[in-house]
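Please look at the sequence and the structure first.

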Amino acid sequence: MSNKLRAPATPGLPLEDQPQVLIVDDDKSLLAALNLALGRRGFRVCTADGPGEAFELIQREPSIELIVLDVMMPGMDGVTALRLLRNSTSAPVLMLSARDAVVDRLAGFEAGADDYLVKPFDLDELVARLLALRRRARERQPISGEHTYADVSLDDRTWVARRGDRELSLTPTEFRILQILLEAPETVHKRDDLILSVWGPAWADSASGSLEVHIANLRQKLEGEGQPRLIHTVRGIGYVLKE
């Protein structure tokens, strides 16, 4: 089983500082190479050669912080697998694909991906993107506890968001966007400021087209039962959360 490929802990690096990443790909040679390479970079790696094995690992390994998911796999493709994975994990997901078309990237983001990297890729870029995803996920740790506006509530401590009595299934990126909007409701958030707050300056250019996709997904989840729109577009400027 490919999940037996585990990178050893990096000597001298505290366990809590070693990100645990799950890599899902049907290419066993790539799994072995990434297992070795990321292990040398300080990651704890577990691998799966398909979505079925990935689902089992996520249930058994609650410490998984990051997921690298290939798009093109036999049986169940990565986009379909991601939609199912989102029911059981909120870990940031970076999708790998040989497809670079905008429509393919959008499909990944719409399914709940947090980042998208095209094959062939540079290992340094993969590492940088994974660390950025981990940092963003950790930045959503408690700041002021619970945020509420209208019938929406979000708790930084438990990473639970609700509209009314309905719990929202949000990706880490959607959660962060909603958190920012809730921290200053009825205030216009400039598009560029949102991108910097969510993705950071290193990825501002590459994330430019992703914000609209995540906003659209967030709106869909907030309005899932026909509830009134709360996130409004201010043309040419950004977004505002208001009744």
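Over how many bridges do strand β1 and strand β3 pair, and in which sense? Strand β1 (residues 20-24) pairs with strand β3 (residues 66-70) in the parallel sense, over 4 bridges.

## Basis of the description

The model is predicted: local features need pLDDT of at least 70, side-chain atom pairs count only at pLDDT 80 or more, and totals for chains, interfaces and linings use all residues. Residues are numbered from 1 along each chain as its sequence is written, and side-chain values use heavy atoms, with hydrogens and water left out.

Helices (H or I, at least four residues) and strands (E, at least two) are DSSP runs numbered from the N terminus. Two strands pair if DSSP finds at least two bridges between them.

## The parallel sheet

The pairing of β1 with β3 belongs to an open sheet of 5 strands, in the order β2-β1-β3-β4-β5, with parallel pairing. The edges are held by β2 (44-48) and β5 (115-118); each has a single partner strand, so one side of each is left without a neighbour in the sheet. From one strand to the next, the twist averages 20°. Within the sheet, I23 has V68 of β3 as its bridge partner.

Helix α1 (residues 28-40) lies across β1 and β2 and runs at about 170° to β2. Axes are lines fitted to C-alpha atoms, for helices over the stretch in contact, and angles run from 0 to 180 degrees between N-to-C directions.

## The antiparallel sheet

An open sheet of 3 strands has antiparallel pairing and the order β10-β12-β11. Here β10 (189-190) and β11 (231-234) are the edge strands, each with a single partner strand, so one side of each is left without a neighbour in the sheet. β10 pairs with strand β12 (residues 238-241) in the antiparallel sense over 2 bridges, and H189 stands opposite Y239 in β12. Helix α6 packs on this sheet and touches β10, β11 and β12 (contact means heavy atoms within 4.5 Å). The direction of α6 makes about 65° with that of β12.

## Helices α6 and α7

Helix α6 (residues 172-183) packs against helix α7 (residues 191-199) at an angle of about 130°, with their axes 10 Å apart. The two helices are therefore oblique to each other (angles under 35 degrees count as roughly parallel, over 145 as roughly antiparallel, 65 to 115 as roughly perpendicular and the rest as oblique). From α6, the contact is made by T173, R176, I177 and I180, and from α7 by L194, S197, V198 and W199.
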